[in-house]
Amino acid sequence: RESDHRAWTPVSYTVTRQNATVQGLTEGKAYFFRIAAENIIGMGPFTETTKEIVIRDPITVPDRPEDLEVKAVTKNSVTLTWNPPKYNGGSDITMYVLESRLIGKEKFHKVTKEKMLDRKYTIEGLKEGDTYEYRVSACNIVGQGKPSFCTKPITCKDEIAPPTLDLDFRDKLIVRVGEAFSLTGRYSGKPAPKVTWLKDDIVVKENDRTKIKTTPTTLCLGVLKSVREDSGKYCVTVENSTGSRKGFCQVNVVDRPSPPVGPVIFDEVHKDHMVVSWKPPLDDGGSEITNYIIEKKDTHRDLWMPVTSATVKTTCKIPKLLEGREYQIRIYAENLYGISDPLISDEMKAKDRFRVPDAPEQPIIKDVTKDSAVVVWNKPYDGGKPITNYIVEKKETMATRWVRVTKDPIFPSTQFKVPDLLEGCEYEFRVSAENEIGVGDPSPPSKPIFARDPIAKPSPPVNPEAVDKTKNSVDLSWQPPRHDGNGKIIGYLVEYQKVGDEEWKKANLTADSCPETKYKVTGLTEGLTYKFRVKAVNAAGESDPSYVPDPVEVKDRLEPPELILDANMAREQQVKAGDTLRLSAVIKGVPFPKVSWKKEDHEVSPKADIEVTGVGSKLEIRNTVHEDGGIYSLTVENPAGSKTVSVKVVVLDKPGPPRNLQVSEVRSDSCYLTWMEPEDDGGSVITNYVVERKDVASAQWVAISSSSKKRSHMAKYLMEGTQYLFRVAAENQFGRGPYVETLKPIKAIDPLHPPGPPKNLHHVDVDKTEVSLVWNRPDRDGGAEITGYLVEYQEDGADEWTKFQTVPMLDCVVTGL
């Protein structure tokens, strides 16, 4: 029962041991307990505890403290921290005991003399270089608990750590003018580092706008109401004896630009526009100039008019001005952050300072050809601005429209070769000059010219020679002059001179009577010797004469015939049947020889076309056939002699039919064919034979061999008892010749032989005029069924046998004996 209650509460009725555990009690309360024994008869008296018992856990010393750590070490001090034990032993911690042991000694010594409850302690007055290890214990009302685990050996010396730097800003920072910015971060290091701020390599000093704040772990640079001059490269340096770290930030304080730099320069002034230029602002506000805004104002009015706000160039054309008025120009620079103050120009009157060039003088035309001409002119006054181009125009004299001769600029040359003229057309030309103001008036037109090549006298004819002569004439021949003087050769003048005379006589009176490069000079005297010369003539006149090298004696010329064979007679000619045969030769001889063609000493076929000209002869046979082959001869003859040439002509055709087709060795399923080659192989070697067969009852021929080079073939796979026809054709490279066919059908059966002799012939009965005979079948039937037996008899002593009759059976009665 609780000490302040009178009622007892049962705990257990089933305890057989001499002890029991009472559960469900409240900590801090006081209780009385009693116990009675019981047997089968009943329960005995209770025994009660003499004094009250207060419920509480048993108290022990605390557990060991945890997480003993060294926080700082110097040459004469060590700072330690720790955490309380997990269990205080059931009583509050009353103090901690910190102990140290010099390495090399055995005992730990108490460090603190005073009562210590803080869990952090700095041990001072140590000797530099000594090494200690430390432990700490917790105490409660019961006593001192177990010590903590020892620290690692700690040597007394100043602790060193290189600086670290952790920045809150990036490499670049853009700030508007008037705004504040700050650069912050954290740092560490042992010994404590020194913090230095630089801007563009110069130390930053504090003032009323610039503030620097540094704590043992943080750093900060702040700038209030920033100005453009605050732009720059900021650097923070954290440095101690072990090293240094740096951080950088490019700060750009941006603003609208400063005004463009003047003065405004008037590069061009005209009556209706001006061109002005200026220099960029000295300060672009930290941001690239995006554009300029240009405005104009008539000085008599207060209104500024926009010209453009889109230009990025530092030059601008001011259009739409009124001639004679004075104008001012103002220019703003603009970037991403605003528009600058304006730059205002002086006043300028709109009027032309310069003008277009004057018109050139009348141009001169030279070097005219059939398709080009060179135009030449003098430079005119340039109107105050340099000439940049000349414009050359052309027109046909009868036309009204002028056309530019080229789109390309013509400068600085004062002449131009005009191409693409039409031969024979008449042209005029004019020239205009151009400067940056514009194009001036054109010059007066040039004198008209015709587009044609200039004509000079031709060069003399080339290689004149006497090619033939008779008793009263000489045939001359020559080649055209090397140069026609750019004019058409009208013809030639031929002159002759009797040897010994000084006077040259004209063989033809006008050049156009001899347009060819040959001429027959007639009316000469037989036996005399003459010189000859020839002149070429064009529209410009006569050339110098060209002379025949040697004097010519006028008399009939006699030359034996000469044959110059063309390629088609130089060797054996092969012509494919159906093509055209051509034989030709060049013939020379004086007088011209008589020509005759023969084929193997006979007249040539009437189908041959024979042509004879003054220089040769040609034989032509169209649609040749095999019979047109043979030896062709050409004979030429004149009083000075004769000459004959021959050529073998082979007309290549399909071969003729094979000869003497024979069938032998007939069997029930095969037979053997033989033949002879064709009389005519068509002029080409036989490449193969084609063998075909046909069932007599069928209309269709079937090929049984198409590649045989032999002149025989075994025809296999015949149907026994079927009648067949066979045919054979020869082939060469030009095709297949006609077939030769068997004359009569061949029946596919095995060959028949006479049967063998009957066996065992003997008589079985005899009478006075007859004999009964019997016999057995022969051993072989000869390949066919036996149809009967022929019975003959012979009188003894006679020479001849007498036929009695043919019987179908194996017996016979011979009568009439």
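Let's start with the record. UniProt, in an unreviewed entry, places the feature "domain: Ig-like" at residues 163-252 and 561-646.

Now the ground rules. This is a predicted model, where local features need pLDDT of at least 70, side-chain atom pairs count only at pLDDT 80 or more, and totals for chains, interfaces and linings use all residues. Residues are numbered from 1 along each chain as its sequence is written, and side-chain values use heavy atoms, with hydrogens and water left out.

What does the secondary structure come to? Zero helices and 69 strands. Those are DSSP runs, numbered from the N terminus: helices are H or I, at least four residues, and strands are E, at least two.

Residues 163-252 are 0% helix and 64% strand, with end C-alpha atoms 28 Å apart. Residues 561-646 are 0% helix and 60% strand, and their end C-alpha atoms lie 16 Å apart.

Residues 64-159 are 0% helix and 41% strand, with the end C-alpha atoms 29 Å apart. Residues 757-817 are 0% helix and 48% strand, and there the ends lie 24 Å apart.

Next, overall shape. The chain has a radius of gyration of 72 Å, whereas a compact globule of 817 residues would be near 28 Å. That radius is taken over C-alpha atoms, and the globule rule is 2.2 Å times the number of residues to the power 0.38. Along its principal axes, the C-alpha trace spans about 185 × 150 × 60 Å.

How much of the chain is buried? Buried residues make up 36% of the 817. Buried means under 20% relative accessible area, exposed over 50%, partly exposed in between, with a 1.4 Å probe and protein chains only.

Charges. There are 113 positive and 121 negative side chains, and the centres of the two sets lie 10 Å apart. Lys and Arg count as positive, Asp and Glu as negative; His and the chain ends are not counted. Each charge is placed at NZ of Lys, CZ of Arg, CG of Asp or CD of Glu.

Now some backbone details. The peptide bond from K190 to P191 is cis, with omega near -10°. P191 sits in the loop between β14 (181-190) and β15 (194-199). The bond from F411 to P412 is cis too, with omega near 5°. P412 falls in the loop between β33 (403-404) and β34 (415-418).

Then positive phi. Y717 has about 60°, although it is not a glycine. Y717 lies in the loop between β60 (712-715) and β61 (723-732). Is Y717 buried or exposed? Exposed, because its relative accessibility is 70%. N760, also not a glycine, has a positive phi of about 55°, and N760 lies in strand β65 (residues 759-766).

Last stop, L810. You'll find it in the loop between β68 (802-807) and β69 (811-814). L810 counts as partly exposed because its relative accessible area is 32%. Beyond neighbours within four places in sequence, L810 contacts V774, W775, N776, R777 and Y789. Contact means heavy atoms within 4.5 Å.

Terms used: UniProt positions renumbered as here; feature names shortened; annotations may be inferred.
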